[in-house]
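Reader: I'd like to learn how to read the packing inside a protein model. Could you walk me through it?

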Amino acid sequence: MREREFWQLLEEVFGRVYGRSLSRDQRLPKLGDMTVVEALDAGEEPRVVWNVLCDQMDIPDSKRWGKDHNAPPLPAGR
């Protein structure tokens, strides 16, 4: 997953305004208590950040990939 795809999914699944707010305000304990923006800036894989956010927000697999997306493979070593 590319970062561009991450932001597209964020807007599709959570909505533009709420998704952007989550990305700046929601802390992710599984990623060192960073926000989405901080985790991406720190070099964390977008797919990992996406899955952690969706898990934390209780988004089921059936809804987290949007209507036109397939789940990308996990990065090597995960």
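Reader: Which residues have the most contacts inside the largest nonpolar core?

Author: A nonpolar core is a set of buried Ala, Val, Leu, Ile, Met, Phe, Trp, Tyr and Cys residues joined through side-chain atoms within 4.5 Å; buried means under 20% relative accessible area, exposed over 50%, partly exposed in between (1.4 Å probe, protein chains only). Here the largest one has 19 residues, and V36, V49 and W50 have the most contacts inside it. Helices α1 (3-14), α3 (36-41) and α4 (46-56) each supply at least two of its residues, with α4 giving the most, 6 residues. Helices are DSSP runs (H or I, at least four residues), numbered from the N terminus. This is a predicted model: local features need pLDDT of at least 70, side-chain atom pairs count only at pLDDT 80 or more, and totals for chains, interfaces and linings use all residues. Residues are numbered from 1 along each chain as its sequence is written, and side-chain values use heavy atoms, leaving out hydrogens and water.

Reader: And how do I read an aromatic pair?

Author: A pair of aromatic rings is described by the distance of the centres and the angle of the planes. Rings of Phe, Tyr and Trp (its six-membered ring) pair if their centres lie within 6.5 Å; planes under 30 degrees apart count as stacked, over 60 as edge-to-face and the rest as tilted. By this rule there are 4 aromatic pairs. F6 and W7 are edge-to-face, at 5.2 Å centre to centre and 85° between the planes.

Reader: Which parts does the pair of F6 and W50 tie together?

Author: F6 lies in helix α1 and W50 in helix α4, so the pair links parts 44 residues apart in sequence.
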